[in-house]
Amino acid sequence: MTDAVRERFDRFAQAEAPGRSEMYAEWATGIASDAQMQRLLTRIDPQHRQPPLVFAVTRLLGAPLGGYVAWREFVLAHADDVVAECERRTVQANEPLRLAALLPALSAIEGPIALLELGAAAGLCLYPDRYSYRYVDGDGAQRMRLDPDGGPSSVVLTSVVRGPLPPLRMPRIVWRAGIDLAPIDVRDPEDRAWMDALIWPGEHERAARIAGAIDIVAADPPLLVAGDAIERLEQLASAAPPDATLVISTPGMLVYLPRAERETLIDRIRQTDARWITIDQPGLHDGWEPPIRVEDFHGFAVALDARVCADADPLGRWWEWRADGGTEAT
């Protein structure tokens, strides 16, 4: 079991943290060569010991921001609390920038839209109509800007577009709801503290973006329901207004489900009359129609009704439109 911990944190240190958080890269590197820490982390269920979750939990509990040695001392001194808190938490990244990569799919859906997000956390991705979008090229030159009908938003989602721009428009959302095992109320100070802990050290732009999105959500909170998405999906989908197009979104949440549950949830979504938007690792599931080749993607696959329409950074920092619906497997 310690090998699995070592390999996971080493992969995080080498491939995921660089460019986002040098502090997290240092912590993960330390764990990858620290047998005592590896043994401690084996006490946590694999679904609850992803590096970003472990690090966020320790920060929530008071771990100092600094070098690995000081962080390690804190974790060892509070080992039982760290294990218990990790077991009851899940990663709730709730990154609104993902919407910059999902907007092309939303633009293809006739409104009005009833938007239902699975794994919604605080619901920051339920407000695609309340943010401004700025699409730029690789050099930062603006290619397009979209603003809400009421004027520019205090939150501007900036994303690099590679290749051609598809038709884009601001969606008209008339109903917004979410399901989460532990919904986050942005008006609750303890929940806000958890959201702050989930932001990686060094991500200053992201911190400002999420703070702005929180203000938007707090002014008009969505319907958030606690529970398992598989069990609650039919009930909440039936509550959507009948004169709106129901759109179910799963932005980055399927990866946190065991494979069997992931496949069951995809089947349940397909049994509804809803449109389905997702952004996932290409090899995460076999729900793409037609099938795709993992090697044809530089990032994650964005899909509308299981048909891939874009290759994108998992957090929406860049995307490339796939006008042919993706590359079919052969």
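Which exposed residues sit on the face of H1 turned away from its buried side? The first point below gets to that, and the rest is a friendly walk through this predicted model.

1. Start with helix H1, residues 2-16. Gln14 and Ala15 are the exposed residues carried by the face turned away from the buried side of H1. The buried residues of the helix are Val5, Phe9, Phe12 and Ala13. Viewed down the axis of H1, these buried residues fall within an arc of 95°, so they line one face of the helix.

2. With 15 residues at 1.5 Å a residue, the helix should span 21 Å, and the 20 Å between its end C-alpha atoms agrees with that.

3. Next, have a look at strand E5, residues 173-180. Seven of its eight residues are buried, so the strand is largely enclosed by the rest of the structure. Buried here means under 20% relative accessible area.

4. Which strands pair with E5? One is strand E1 (residues 113-118), which runs parallel to E5 and is joined to it by six bridges. In this pairing, isoleucine 113 stands opposite isoleucine 173 of E5. Another is strand E6 (residues 223-226), also parallel to E5, with four bridges between them. There, alanine 177 has leucine 223 in E6 as its bridge partner.

5. The largest cavity contains about 60 Å³ of space. Helix H7 (98-107) and strand E7 (245-251) are the elements that give two or more residues to its lining, and H7 has the largest share with three residues. Among the lining residues are Leu99, Leu102, Leu106, Ser249 and Pro251. By class, the lining of the largest cavity has eight nonpolar residues, one polar and no charged.

6. The second largest cavity has a volume of about 40 Å³. Its lining consists of Gln92, Ala93, Met195, Leu198, Ile199, Arg206 and Ile210. Helix H8 (189-198) and H9 each supply at least two of the lining residues. Five of the residues lining the second largest cavity are nonpolar, one is polar and one is charged.

7. What is the volume of the second largest pocket? About 260 Å³. Of the 16 residues that line this pocket, Leu97, Glu205, Arg206, Arg209 and Arg317 lie nearest its centre. E4 and helix H9 (204-219) each supply at least two residues of the lining, with the largest share, four residues, coming from H9. The lining of the second largest pocket divides into seven charged, five polar and four nonpolar residues.

8. Finally, find serine 154, in the loop between strand E3 (142-146) and strand E4 (156-162). Is this residue buried or exposed? Serine 154 counts as exposed, because its relative accessibility is 67% and the cut-off for exposed is over 50%. Tryptophan 276 lies 122 residues away from serine 154 along the chain, and 28 Å separates their C-alpha atoms.

Key: Residues numbered from 1 in each chain as written. Predicted model: local features only at pLDDT ≥ 70, side-chain atom pairs only at ≥ 80, totals over all residues. Heavy atoms only, no water. Buried < 20%, exposed > 50% of the residue type's maximum accessible area, 1.4 Å probe, protein only. 1 Å grid on protein atoms, 1.4 Å probe; cavity = no way out; pocket = protein on both sides within 12 Å on 5 of 7 lines; lining within 4 Å. Points joined across faces, edges and corners; volume = space filled by probe spheres on them. Nonpolar A, V, L, I, M, F, W, Y, C, P; charged D, E, K, R; others polar. Pairing = 2+ DSSP bridges. Expected span 1.5 Å × (residues − 1). Arc of directions from axis to C-beta.
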